[in-house]
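Thank you all for coming. I would like to walk through one model this morning, going from a single residue out to the chains and their contact, and then to the question of confidence.

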Amino acid sequence: MPKLIVIIISAVLVNNFVLMRFLGICPFLGVSKRVSTAAGMSGAVLFVMTMASVVTWLIYRYILVPFGLVYLQTVSFILVIAALVQLVELALQKLSPALYKALGIFLPLITTNCAVLGVSVLNIQKEFTLVETTVFGAAAALGFGVAMMIFSGLRERIELCDTPLPFRGTAISLITAGLLSLAFMGFTGLVNL
Amino acid sequence: MLTAVTAMAILALALAFGIAMAARIFAVVTDPRAELIEGALPGANCGACGLPGCSELARRIAEGKAPVGACPVGGEPVAAEIARIMGEAFEGGCERQVALVLCNGSDQVAAKRFFYNGVFDCASAALVAGGDKACTYGCLGFGTCAAVCPFGAIDMLPGGLAVVDPSRCTGCTKCVSACPRGIIRMVPAGRRVHILCSNHEKGAAAKKKCAVACIACQKCVKAAPEGAITMDNFLAVVDYSKDIPDPVAAECPMSTIVVRPGEACAGDAGRTAAAGGEG
């Protein structure tokens with residue numbers, strides 16, 4: 001149990017996926033213009049990352065390792081994640097139209113989110129158990145969500161500011177992301193994992 | 001090598017089979033017409049119809065919950081196309097509405113009270129002592145409406161005045177809700193005579209602030225057909241359901257009333273815009 005708490009703190013704050021590991025930067029910059037879309041994306045990521053962590057862990061443990069195919073890890077994980085997102089989308093549309101509508105376009109977009117692949121690979125590297133893997137996946141997605149919410153809130157405020165002309169748009173967003181990443185470095189050393 | 005190929009092939013096949021099965025099990029029956037209708041809609045997802053997006057409107061129309069002409073942006077051509085998809089008869093109406101900025105007070109004619117040097121946005125400017133323009137009913141000219149227009153139909157004149165181009169305006173009403181002054185109004189596209197002022201102050205006060213303000217002299221009210229122009233708290237207001245002949249504009253001593261080319265009605269070629277007909 002203490003290890004699970006350490007994993008959560010580590011994934012959300014200390015080794016935040018976006019701000020410390022620099023994974024999932026593409027949706028971080030792409031859909032962070034508004035807090036509402038950022039929240040939608042975070043929700044979809046939370047859903048997919050947790051599922052993907054579990055499924056890739058099972059694939060690795062019960063297919064790749066027994067057959068000595070560990071070197072196919074990246075390829076098979078990409079394949080599984082893409083198929084999984086498709087499956088989830090199909091199932092959601094039927095089973096929970098409300099959630100499907102809420103996640104909307106963000107669900108298929110996640111197929112290409114490297115944070116999802118990153119969390120799957122890290123699970124294997126850190127030799128987590130299935131429970132730890134599930135917790136790590138969800139916590140990493142929460143960390144992604146925290147970064148998204150902070151960043152989109154900042155961007156909404158910046159939009160209203162009188163930014164100097166050369167810095168408007170992407171430039172000031174990237175500077176903000178950099179400063180935010182620096183701020184998160186303050187968590188370094190809080191827990192060790 | 002062989003194990004690798006076999007394992008990946010089996011994995012891929014299993015996933016493909018899984019997706020195929022899921023597609024069968026979780027198949028959602030959708031009306032094929034909804035897709036066709038979505039193709040016919042403008043696809044701007046502007047929300048002018050009151051629904052979250054074009055696909056939602058398409059679904060509603062296919063289900064018969066919304067009329068074929070529910071898209072105010074697409075207007076008549078789109079409505080006709082959707083009616084064809086739905087197999088309904090569509091009688092062409094000329095209801096196209098366009099936005100109109102009810103102010104003609106550019107910086108050349110309208111006085112300013114102070115120099116505003118804040119955020120370049122109408123809402124922000126309006127918060128600072130009611131805006132820099134002396135007339136508190138006038139266009140602030142920072143282009144908030146032009147910025148929200150998804151169709152680029154609003155031009156900002158150099159004198160700090162927003163002007164809607166009726167040919168590009170699709171009637172999505174986004175500018176109407178964006179304007180902090182509330183001086184943008186939806187009017188029928190075929191109309192030619194407009195009173196471009198929103199100032200409700202008495203004549204003398206309005207005249208001091210703007211050279212083209214309505215001074216409530218009521219000359220136009222008398223010249224126009226009964227009820228076509230009415231006075232509302234010292235401001236002449238056009239009732240767009242009634243026809244106003246062009247010469248009424250010449251009656252205005254302040255040049256507040258303008259004549260702009262109206263749009264000919266596509267569905268009713270018999271009446272031309274030149275005759276001031278229903279647009």
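**Starting from one alanine**

Let me begin with B:Ala147, which sits in helix H6 of chain B, the helix that covers residues 144-148. Everything I say refers to a predicted model, and I will come back to its confidence values towards the end.

Most residues other than glycine have a negative phi. B:Ala129, however, has a phi near 50°, which is a positive value in a residue that is not glycine, and this residue lies in the loop that runs between helix H5 (122-127) and H6 of chain B. The other case is B:Ala216, again not a glycine, with a positive phi of about 60°, and its place is in the loop between helix H8 (203-209) and helix H9 (219-223) of chain B.

How do the surroundings of these two residues come out, buried or exposed? B:Ala129 is exposed, since 11 other C-beta atoms lie within 10 Å, whereas B:Ala216 counts as buried, because it has 21 C-beta neighbours inside 10 Å.

Now to a hairpin in chain B. Strand S2 (residues 154-157) and strand S3 (residues 161-164) of chain B pair in the antiparallel sense, over four bridges. If you step along the pairing, you will see B:Asp155 opposite B:Val163 in S3(B), and B:Met156 opposite B:Ala162 in S3(B). Three residues lie between the strands of this hairpin, and there B:Gly160 takes a positive phi near 75°.

Taking chain B as a whole, its secondary structure comes to nine helices and eight strands, and of its 279 residues 37% count as buried. Of the contacts in chain B with a separation of 6 or more, 57% are accounted for by residues 24 or more positions apart.

Chain A comes to nine helices and zero strands. Buried residues make up 37% of its 193 residues, and among its contacts between residues at least 6 apart in sequence, 80% join residues at least 24 apart.

The helix I would pick out in chain A is H9, residues 170-184, which has 15 residues and reaches 21 Å from its first C-alpha to its last, close to the 21 Å expected at 1.5 Å a residue. Which residues of H9(A) are buried? They are A:Ser173, A:Ala177 and A:Phe184. Seen down the axis of H9(A), these buried residues fall within an arc of 40°, so they line one face of the helix. What covers them includes helix H2 (25-30) and H8 of chain A. The face of H9(A) turned away from the buried side carries exposed residues, namely A:Ile175, A:Gly178, A:Leu179, A:Leu182 and A:Ala183.

Where the two chains meet, the contact takes 16 residues from chain A and 14 residues from chain B. On the side of chain B that touches chain A, there are twelve nonpolar residues, two polar residues and no charged residues.

Finally, confidence. In chain B the mean pLDDT is 85, with 92% of the residues reaching 70 or more. Over residues 267-279 of chain B, though, the pLDDT is below 50, and in the model this stretch has 34 contacts beyond near neighbours in sequence. Where pLDDT is low, the predicted coordinates should not be read in detail. For the model itself, the scores are ipTM 0.71 and pTM 0.56.

Methods:
Residues numbered from 1 in each chain as written. Chains lettered and ligands numbered in written order. Predicted model: local features only at pLDDT ≥ 70, side-chain atom pairs only at ≥ 80, totals over all residues. Contact = placed C-beta atoms within 7 Å. Nonpolar A, V, L, I, M, F, W, Y, C, P; charged D, E, K, R; others polar. Helix = DSSP H or I, 4+ residues; strand = E, 2+ residues; numbered from the N terminus. Buried ≥ 20, exposed ≤ 12 C-beta atoms within 10 Å, placed from the backbone. Expected span 1.5 Å × (residues − 1). Arc of directions from axis to C-beta. Pairing = 2+ DSSP bridges. pLDDT = per-residue confidence, 0-100.
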